[in-house]
Amino acid sequence: MRAASACYGYQRNGVMIAAASSVLWNNKAACGRRYRIRCIGAVNHGASQDYQPCKGQSVVVKIVDYCPRGCASTIDLSKEAFSTIANTAAGKIRIEYTQV
């Protein structure tokens with residue numbers, strides 16, 4: 001059974017979805033906002049300078065959940081959204097985002 005989202009409960013919102021951290025959350029105001037996300041590089045400082053996880057694409061995601069305190073990112077992408085813009089083996093990436 002899947003968990004309920006902070007914005008929409010058990011309503012399905014597709015797979016191009018994300019959770020917003022407190023940076024964007026604003027007491028649920030982020031719910032339903034759409035962001036264009038683009039990978040701009042690796043996060044891991046130990047990664048080789050040659051390592052580039054980005055695929056050169058962008059993706060538009062809908063905010064459907066809250067990324068709780070301790071979340072190390074601004075936007076936590078679904079697996080499907082992440083794999084569209086980056087190699088999933090990277091785990092974490094640096095991103096640019098713009099509300100659309």
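Modeller: Happy to! The sheet is open and built from 5 strands, in the order β4-β1-β3-β2-β5, with mixed pairing. Strands here are DSSP runs of E with at least two residues, helices are runs of H or I with at least four residues, and both are numbered from the N terminus. Two strands pair if DSSP finds at least two bridges between them. At the edges stand β4 (75-77) and β5 (93-99), each with a single partner strand, so one side of each has no neighbour in the sheet. On average, neighbouring strands of this sheet are turned by 45° against each other, direction ignored; the axes behind this angle are lines fitted to C-alpha atoms, for helices over the stretch in contact, and angles run from 0 to 180 degrees between N-to-C directions.

A word on what you are looking at: this is a predicted model, where local features need pLDDT of at least 70 and side-chain atom pairs count only at pLDDT 80 or more, while totals for chains, interfaces and linings use all residues. Residues are numbered from 1 along each chain as its sequence is written, and side-chain values use heavy atoms, with hydrogens and water left out.

Now let us follow strand β2. In general, strands of a sheet pair through backbone hydrogen bonds, either parallel or antiparallel. Strand β2 (residues 34-42) pairs with β5 in the antiparallel sense, over 7 bridges. Along this pairing, Tyr35 stands opposite Gln99 in β5.

In one of them, the sulfur atoms of Cys39 and Cys54 are 2.0 Å apart. The torsion about its S-S bond is about -65°, so the link of Cys39 and Cys54 is left-handed. Cys39 is buried, at 5% relative accessible area, and Cys54 is buried too, at 18%. Here buried means under 20% relative accessible area, exposed over 50%, and partly exposed in between (1.4 Å probe, protein chains only).

Cys7 and Cys31 also form a disulfide, with their sulfur atoms 2.0 Å apart. This pair links distant parts of the chain, 24 residues apart: Cys7 sits in the segment before β1 (17-20), and Cys31 in the loop between α1 (22-25) and β2. With -80° about the S-S bond, the link of Cys7 and Cys31 is left-handed. Cys7 counts as buried at 17% relative accessibility, whereas Cys31, at 21%, counts as partly exposed.

Key:
A disulfide is a pair of cysteine sulfur atoms within 2.5 Å.
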